[in-house]
Every structure is written in structure tokens, then in C-alpha cells.
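Q: Could we go through this structure together? Please start with the terms, then the details.

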Amino acid sequence: GITTVTYTVSDAALNSTTCSFTVTVNDDINPTITCPGNYTVNDAPGTCSQSVTTTNPTQGDNCGVTKLTWAMTGATVANSAATGINNVGTHTFNTGVTTVTYTAYDAAGNIATCSYTVTVNDNINPTFTSCPSNISVNVAAGTCTQSVLTPNPVTADNCAVTKLTWAMTGATIASSAATGINNVGTQTFNTGVTTVTYTDYDAAGNSATCTFTVTVL
């Protein structure tokens, strides 16, 4: 900071005069900060996130740290208060990779930063809460096939089902597009037994299957 030094000189008759000067000491030394290591966890059951208790960073300064802030980017976006000493502590992180960046400040405006990542993996398979029942029909008159309206399956996932495909084997061979949400709907089936297999996927590549048969007599 700035210190003013004042000299006063006096004679025997008590006459006096003064002079002064300043001594300015600038703090040009950045604070120091060390972040915890990276974290990797799995989603909590039934959710697309996980609560993580993080270790506070270690910070210091030659004069003193006057402000500590943090910001999250990536899968989870959040910020601390703009003033005071703030630590993340226990926080709920979304599935994916979140980068946490701490910034330490001193009174002179010098700063230091450190960062770490919190990775939340989705290891939970999707489910089929409802799969169509087996279907049995007769051939249409004058043909060796039958058009069948099949019910759509019902899917679920802790995050979201991002892809639903189907494939037919047996008497009828066909498959859906490789991307998107696909339902069989109304399809012409050949005489015999066709097995329809649905597969649902989430963004992490987890999958589940369900099957039913369509028998054309």
C-alpha cells in the first residue's frame, strides 16, 4: 500500500517546518491455488445425475486471499457468488464431463486459477416397461401374407432413450433405420412365425431388448 512519511524540523524558538514523501509498496505476487484431482462417478439409480462431495482447493497469498470464486462448464453449468470465499462442497452434477474452475484473488487484483473435472457416467440400461404380446392371425384371402398393426413398445431410461430400432427374423426378414425412434407399426408379414426384436439405446450406449412373435397361419 501507500505510506506517507512526514519530517518536522524545529529550532529553539519552536519555529518548525515539515516535508513529506510517500513509500508505495506494490503487491505484484499472484496468489497460489491447488485444486483436488478429477472425479469419476456413476449416475445415482433412477436419475441422470449424481451428488458429489468435492474437496476444497488449497489457496494462499503473500498478503491474503480476499476472494475465491468457482465456475462450472460442460455437462453442468453453474457459478458461485461473485464475492467472498466460495467452495463447491457437495453439488449435484449432470451426466457427462463438468469442468470446475476456481479463481483466487488478492486485494491488489492478482489472480490464480486451477481446474478439475467431474465425470458422471451413465451405466444404467434403458428398460421396456411394456413389450407387445405375441400376435397370431390368418393369411389374407388370396394371399400368403397378412398386414398386421403391431402395438408400440413403451420404453424408459434414467436419462432418455435416444434410439429405438427393430429387426425381424424368421418368416419375415426386415429391419428399421439404424437411427432415430422407430416402431414397426403396420407391416406385412409372411406366412409362418416372425420374431420381432426391439432394441432401445440411451446416449451412453446402454441398451435393452424385448421380443414378440407374429404368427401368420
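A: Two strands pair if DSSP finds at least two bridges between them; strands are DSSP runs of E with at least two residues, numbered from the N terminus. This is a predicted model, in which local features need pLDDT of at least 70, side-chain atom pairs count only at pLDDT 80 or more, and totals for chains, interfaces and linings use all residues. Residues are numbered from 1 along each chain as its sequence is written, and side-chain values use heavy atoms, with hydrogens and water left out.

Q: Which residue stands opposite valine 216 in strand 20?

A: Glycine 192 stands opposite valine 216. Strand 19 (residues 192-202) pairs with strand 20 in the antiparallel sense, over 10 bridges.

Q: And in what sense do strand 13 and strand 20 pair?

A: They pair in the parallel sense, over three bridges, with strand 13 covering residues 135-137. Valine 137 has valine 216 as its bridge partner in strand 20.

Q: How many residues of strand 20 are buried?

A: Seven of the 10 residues in strand 20 (residues 207-216) are buried, that is, under 20% relative accessible area with a 1.4 Å probe, counting protein chains only.

Q: Changing topic: is threonine 76 buried or exposed?

A: Threonine 76 is buried, with a relative accessible area of 5%. Threonine 76 is found in the loop between strand 7 (65-74) and strand 8 (78-79).

Q: What is threonine 76 in contact with?

A: Leaving aside neighbours within four places in sequence, threonine 76 is in contact (heavy atoms within 4.5 Å) with His91, Thr92, Phe93, Asn94 and Thr98.

How values were computed. Buried < 20%, exposed > 50% of the residue type's maximum accessible area, 1.4 Å probe, protein only. Helix = DSSP H or I, 4+ residues; strand = E, 2+ residues; numbered from the N terminus.
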